[in-house]
Amino acid sequence: QILPMVVALISIPFLIHGMGTDRFGIVTLIWLVIGYFSLFDFGLSRALTQSVAEKIGVGDVEQIPSTIWTATVVLTALSILGGVALYALAWWLVYDILKIPVALQQETLAAVKLMAATIPIVLLTASFAGVLQAYQRFDIYNAIRVPYGIYNYVSPLLVLPFSNSIFYITAVLAVGRLASCIVHFIMCLQVVPSLRSKFI
């Protein structure tokens, strides 16, 4: 966690300068809201980690692929519900709850709607990361987490020379979340090869 923190300390002053305090604050609020919507997994990600770890402990590895795929399907369904809920609440959040300045309301609304689409990505990433943790592959977990943490602070800086729009900065951050999810999934296939052939 130290390396992304160092990058954050260096990057944040430049982000605030380039985006302005209002835009930077709004982007931070959007990610905070997304964090709350991760509750839509109802603890299933942690339960998956515990279940897989227990099966490894007792040698019941044959059941692991079906456990992972079942949890993935359920999490996908729950996360889609969460995404739809956030999309439906986007106007209310922007105009009534967050009290966004008038000049920034349209781009903030577009950014929140975009983030609604990333909720399934957030929840699935958490479940795939949980599988790696259950197998005690913290080397892989950290090898993904560190670059992703750095990307979160560096990627907006790369956008600023072209635009300080909340939407475009949010879009770049969403790309990072998608890439992280894909890499977590690929690593799960490497750690649990039977996932390739056993689906539920």
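This is a predicted model: local features need pLDDT of at least 70, side-chain atom pairs count only at pLDDT 80 or more; totals for chains, interfaces and linings use all residues.
In α1, the buried residues are Pro4, Val7, Ala8, Ser11, Leu15 and Met19. The overall length of α1 can be checked against its residue count: at 1.5 Å a residue, its 18 residues should span 26 Å, and the end C-alpha atoms lie 25 Å apart, which agrees.

After α1 comes Gly20, with a positive phi near 90°. This glycine sits in the loop between α1 (2–19) and α2. Its relative accessible area is 23%, so Gly20 counts as partly exposed, because the class of buried residues is limited to values under 20%. Gly20 can also be placed relative to another glycine: Gly82 is 62 residues away in sequence, and the two C-alpha atoms are 30 Å apart in space.

The structure contains 1 cavity of 30 Å³ or more. The volume of the largest cavity is about 40 Å³. Its lining is made up of Ile30, Val33, Ile34, Leu86, Leu93, Leu98, Val112 and Met115. Two or more lining residues come from each of α2 (21–37), α4 (64–97) and α5 (105–116). Of these, α2 gives the largest share, 3 residues. By residue class, the lining of the largest cavity has 8 nonpolar residues, no polar ones and no charged ones.

With 12 residues, α5 reaches 16 Å from its first C-alpha to its last, close to the 16 Å expected at 1.5 Å a residue. Its buried residues are Gln105, Glu107, Thr108, Leu109, Ala111, Val112, Met115 and Ala116. Among them, Val112 and Met115 also belong to the lining of the largest cavity.

These details belong to a chain with 8 helices and 0 strands. Along the sequence, the pattern is α-α-α-α-α-α-α-α. The radius of gyration of the protein chain is 18 Å, close to the 16 Å given by the globule rule for 200 residues, so the chain is as compact as a globular protein of that length. Along the principal axes, the C-alpha trace spans about 60 × 35 × 20 Å. Of the 200 residues in the protein chain, 44% are buried.

How values were computed: Residues are numbered from 1 along each chain as its sequence is written. Side-chain values use heavy atoms; hydrogens and water are left out. On a 1 Å grid over the protein atoms alone, a cavity is a set of points where a 1.4 Å probe fits but cannot get out, and a pocket is an open set with protein on both sides within 12 Å along at least five of seven lines; lining residues have an atom within 4 Å of a point. Grid points are joined across faces, edges and corners, and a volume is the space filled by probe spheres set on the points. Helices (H or I, at least four residues) and strands (E, at least two) are DSSP runs, numbered from the N terminus. Ala, Val, Leu, Ile, Met, Phe, Trp, Tyr, Cys and Pro count as nonpolar, Asp, Glu, Lys and Arg as charged, and the others, Gly among them, as polar. Buried means under 20% relative accessible area, exposed over 50%, partly exposed in between (1.4 Å probe, protein chains only). The expected span of a helix is 1.5 Å times one less than its number of residues. The radius of gyration is taken over C-alpha atoms; the globule rule is 2.2 Å times the number of residues to the power 0.38.
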